[in-house]
Amino acid sequence: MLILRLPDVKRVLGHRADASVYNAIRAGLFTTGVAIGQRAKGWPDYEAQAIATARVAGKTDADIRELVTALHAKRTELLSTEKGAQL
């Protein structure tokens, strides 16, 4: 899995401004970033790709919000799977 920084996320989604990504996050149309440093955020590449694919497929904002919820749940699932494997 790759972690994308904001310029790469904008490229995948077709946004021109940083604010467009952050507005989409506030609207529930994009996932929140994950901490990759003390002052740095990134996004898993598969999340950006899934949301871009849904947009291309003509999904509604409501559909995208459901996808974002599912992607956030997948993060939690991946974390609990990793913790279980470490025990």
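Guide: A residue is called buried when its relative accessible area is under 20%, exposed when it is over 50%, and partly exposed in between, as computed with a 1.4 Å probe on protein chains only. Helices (H or I, at least four residues) and strands (E, at least two) are DSSP runs, numbered from the N terminus. The model is predicted, so local features require pLDDT of at least 70 and side-chain atom pairs pLDDT 80 or more, while totals for chains, interfaces and linings use all residues. Residues are numbered from 1 along each chain as its sequence is written, and side-chain values use heavy atoms, without hydrogens or water.

The part in question is helix 1, which spans residues 6-13 and has L6, V9 and K10 as its buried residues. These residues lie on the same side of helix 1 because they cover an arc of only 100° around the axis, the arc being taken from the directions between the helix axis and the C-beta atoms. An α-helix has 3.6 residues a turn, so residues three or four places apart point the same way. The buried residues of helix 1 pack against strand 1 (3-4), helix 2 (18-26) and strand 3 (40-44), where contact means heavy atoms within 4.5 Å. Just after helix 1, G14 adopts a positive phi of about 85°.

Elsewhere, helix 4 (residues 61-86) contains R75, which is buried at 18% relative accessible area. Beyond its neighbours within four places in sequence, R75 has contacts that include T31, W43 and Y46. A70 is also found in helix 4, but at 43% relative accessibility A70 is partly exposed.
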